[in-house]
Amino acid sequence: MSAWLPISEIARLVQTGELKAVDLVEQALATISEKQDYNAIIVTLEARARERAMAIDAQPTGRLAGVPFIAKDNFLVFGADTTAASNILRGFEAPYQATAIERLEAEGAICVAKANLDAFAHGSSTENSDFMTTKNPYDTSRVPGGSSGGSAAAVMLDMAPFALGTDTGGSIRLPASYCGAVGYKPTYGLVSRSGVVAMASSTDVIGPITKTVADAALVLDVMSGRDDLDGTTIDADPAGYAELEKSLAGKKVGVIKEYMAEGVAPEVKAQIEAAIATIKAAGAAVVEVSLPSLPSALAVYYIICPAEVSSNLSRYDGQRFGHSYADATSLEESYKKSRSTGFGKEAKRRIMIGTYVLSSGYYDAYYKKAQTVRTKLINEFNEALQSVDFLLGPTAPDIAFKIGENIDDPLKMYLTDILTVAANLVGVPSISIPAGTAHDMPVGLQIMAAQRHDRQLLGFAKEVEGLLV
Amino acid sequence: MSNLTREDILKLAQLARLELTEDEIAEYSSELSEILQYVEMLQAVDVGDLKPTNQVTGLTNITRDDVIKDYGYAIDDLRKNLPDQYEGQIKVKRMIG
């Protein structure tokens, strides 16, 4: 059971004065402090949160009135440190804030803390954080998944009713799966990326991590929609996402053949098969669907993502913000020394790969080829989603791995994203919801829908969630 | 071509404005080679006459009027993260010797 009421209920009780925002903030801060050994939190925003709570209690309005939340530390929150868990941004104080934060605060939500992540969101475990590794709430010898591992752990540890994550290749859904949370990756562009530290701009999305689908839907509803500060944003569904309709009976669900193939742990597969049987028994039509290019998706991702990373990280040059090497004698030396002493191992690794695939002579063979295979993948998804309403499979091939298990093998670490990257490359919405356990660790069921079908996906996921409890 | 030599790594590092230690050079040449071998699988994918993807949701030419909009940020707030400044301007190291 959760220590928190449903988010809509918390807000309602704050509006009527039955709950006080100041008490909710204290509850969140006390839990964070009590459970600090999990390393989920980089920094708490005590003064700021308490001040906001008092203001909200004085005028308790908003659809998220008084609801505490935790932002992954790659979201800019005005006046708060934003490090992206990287040494190069250590001490960076946000001079403005993310549109997502702005919209949540406008409805009365209160950011109480910033959560740990793999530095710059590069990773699947939080082990690439330049500061610390977050522990899985189910088993402290295991990783929480990544890169939004601090956010997922924080929610499962009851530090707040919801947390924000970013998902570039699975970074919301993978930790949700490993920690037993609900993780929602919206359609590309549905939530503004303004004020969020960029990773790979063509696949980056922002989404909630919660304990229930209804909570995720409400948070999405508040954050979504066009924003002048992000030209890639799209209009939200006019019907919104907060009021979800029942949508399971009569729906057609495609089980992705390639996601149930070898490489998926038998215990994980068994849980997913059980979930599928339950969905079928509840009245959905279940068919098998093949997306033949899926086995290439991870290779496509590990060309496109580092290419965009190398470009986005070029702004960290030590001149305008962030770590700057003090003793350089020339501008060129200042660039090199600031970047070399500021970036961690994985950031450098991705910058190097990205630089390689974009460099003259290799661009066509790697980058352009990857973007063309991406087109093929998009076409296959579009075709499949014309004959079925939803696509379904596991979120990850296995349960959370042990801390340290994959750290010396970058390629093995990358393979944990093999079932999540396709949704990012194609831009479709995807959700991970808990579907039982294997070896006492959570297993995540992944459901995808066509672009802009977020409302339908959330409605379906909510019903499936009800069946799997 | 996917086995990276020491020279390849040094060239990439120069392009990316990174200075690598000897350990990093050795590590990245083997790791990057392994990763590039993995992504090599794409060479075998037949893409026919498909075009590369540029944008996934079909948006084109999102423009705005070229007018100044006040977001209410204080100039001092925007300057406070500057590593070095001189009379309110960004100060950098010497560019020309």
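This is a short tour of a predicted model, from the chain contact to the core and then the sheet. Residues are numbered from 1 along each chain as written, with chains lettered from A in the order written. Local features here need pLDDT of at least 70 and side-chain atom pairs 80 or more, while totals for chains, interfaces and linings use all residues.

**Where the chains meet**

Start by showing both chains: 38 residues of chain B and 55 residues of chain A make the contact (C-beta atoms, placed from the backbone, within 7 Å). Now select α2 (22–39) of chain B, which brings seven residues, the largest share of chain B's side. Helices here are DSSP runs of H or I with at least four residues, and strands are E runs of at least two, numbered from the N terminus.

**Into the core**

Next, pick A:Ile303, one of the residues with the most contacts inside the largest nonpolar core, which has 183 residues. Such a core joins buried Ala, Val, Leu, Ile, Met, Phe, Trp, Tyr and Cys residues through C-beta atoms within 7 Å, buried meaning 20 or more other C-beta atoms within 10 Å. Beyond its neighbours within four places in sequence, A:Ile303 touches B:Val39 and, among others, A:Tyr366.

**Across the sheet**

Finally, colour the eleven strands of chain A's open sheet, ordered β1-β3-β2-β4-β6-β5-β10-β11-β9-β7-β8 with mixed pairing (strands pair when DSSP finds at least two bridges between them). At the edges, β1 (41–44) and β8 (285–289) of chain A each have a single partner strand, so one side of each lacks a neighbour in the sheet. Zoom in on β5 (residues 182–185) and β6 (residues 205–210) of chain A, an antiparallel pair joined by two bridges; here A:Val182 sits opposite A:Thr210.

Methods: Two residues are in contact if their C-beta atoms, placed from the backbone, lie within 7 Å. A residue is buried if 20 or more other C-beta atoms lie within 10 Å of its own, exposed if 12 or fewer, and partly exposed in between; C-beta atoms are placed from the backbone.
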